[in-house]
Amino acid sequence: MGKLKVAVLISGRGSNLQALLDACASPGFPARIVRVISNVADAFGLERAKRAGVATQVIDHKAFPSREAFDAALDEAIRTAGAELVCLAGFMRLLSPGFTEAWRGRVLNIHPALLPSFKGLHTHQRALEAGVKLHGCSVHFVTPDLDDGPLIVQAAVPVLEGDDEDSLSKRVLAAEHRIYPLAVKLIGEGRVRLEGRVVHIDGAAGNPAALLNPAD
Ligand code: GRF
């Protein structure tokens with residue numbers, strides 16, 4: 001079976017893109033990145049893609065009269081690249097319902113919180129203010145509603161005494177870099193089944209260890 005062809009959409013530094021590029025560099029990984037698309041011309045992630053020898057494309061949303069017109073250009077670029085799966089990795093544009101319906105079950109996003117808590121922006125600051133003891137990140141399928149799609153993989157990290165937004169975001173980001181490649185691997189291996197809102201992972205071992213914070 002050939003490798004799953006993936007397009008990655010970015011707007012910025014691209015550290016999650018880097019995690020995906022690194023994973024795809026191992027011979028046994030079941031996916032490869034066929035194109036990186038950015039809506040921001042000077043996004044650092046574009047450099048990361050070029051270094052890895054992956055084709056890049058800039059599609060500036062400001063050059064389009066509407067969200068639908070921008071999304072149509074994205075759609076065309078993704079199809080032209082032959083991608084079967086789209087990974088949003090710090091892509092700071094909302095996608096129109098027409099796009100998410102057309103690509104239903106084939107677009108992933110990574111969100112820096114344990115969804116359905118803390119949808120939207122500034123998740124780390126909001127988690128600190130809420131006083132949660134566990135925070136984390138989620139990879140989910142994209143639906144028309146923001147940060148609302150079926151969950152594929154989540155990672156929890158502790159919120160530690162003295163944490164600020166910076167220290168907490170670093171801890172979450174390290175977990176993001178583990179779970180995004182994991183989610184793509186599971187899809188590439190054909191083990192992810194979407195039933196309604198719920199994702200089932202065939203042959204998943206599960207992780208029975210509860211993360212207690214503070215430790216007992
Ligand atoms: C990450 O925190 C991701 O969860 C969120 O945007 C950030 C992108 O960071 N969606 P990077 O560009 O991948 O470094």
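**A ligand and its shell**

By class, the shell around the ligand holds 2 nonpolar, 5 polar and 2 charged residues. Keep in mind that this is a predicted model.

Which residues surround the ligand? They are Arg13, Gly14, Ser15, Asn16, Gly90, Ile110, His111, Pro112 and Glu176. Now sort them by class. Arg13 and Glu176 are in this shell, and Arg and Glu count as charged. Ile110 and Pro112 are there too, and Ile and Pro count as nonpolar. Gly counts as polar, and the shell includes Gly14 and Gly90.

Next, look at where the shell comes from. Helix H1 spans residues 15-24, and strand E5 spans residues 107-111. Each of these two elements supplies at least two residues of the shell.

A backbone N or O atom of Gly14 lies 2.9 Å from an oxygen atom of the ligand. A polar backbone atom of Asn16 is 2.8 Å from a ligand oxygen atom. Glu176 uses its side chain: an N or O atom there is 2.7 Å from an oxygen atom of the ligand. How much of the ligand does the protein bury? Taken alone, the ligand exposes 360 Å², and the protein buries 85% of that. The space that the ligand takes is the largest pocket.

Finally, turn to a pair of strands. Strand E8 covers residues 192-195, and strand E9 covers residues 198-201. The two run antiparallel and are joined by 4 bridges. In one of them, Glu195 has Val198 in E9 as its bridge partner. E8 and E9 form a hairpin, with 2 residues between them. Gly196 sits in the turn and has a positive phi of about 60 degrees.

Definitions and conventions. Residues are numbered from 1 along each chain as its sequence is written. This is a predicted model: local features need pLDDT of at least 70, side-chain atom pairs count only at pLDDT 80 or more; totals for chains, interfaces and linings use all residues. Side-chain values use heavy atoms; hydrogens and water are left out. Two strands pair if DSSP finds at least two bridges between them. A residue is near a molecule or strand if one of its heavy atoms lies within 4 Å of it. A polar contact is a pair of N or O atoms within 3.5 Å; within protein, one must be able to donate a hydrogen and the other to accept it, and residues adjacent in sequence count only if both atoms are side-chain atoms. Accessible areas come from the Shrake-Rupley method with a 1.4 Å probe; for residues, only the protein chains shown count as cover. On a 1 Å grid over the protein atoms alone, a cavity is a set of points where a 1.4 Å probe fits but cannot get out, and a pocket is an open set with protein on both sides within 12 Å along at least five of seven lines; lining residues have an atom within 4 Å of a point. A molecule sits in a cavity or pocket if more than half of its atoms lie within 2 Å of its grid points.
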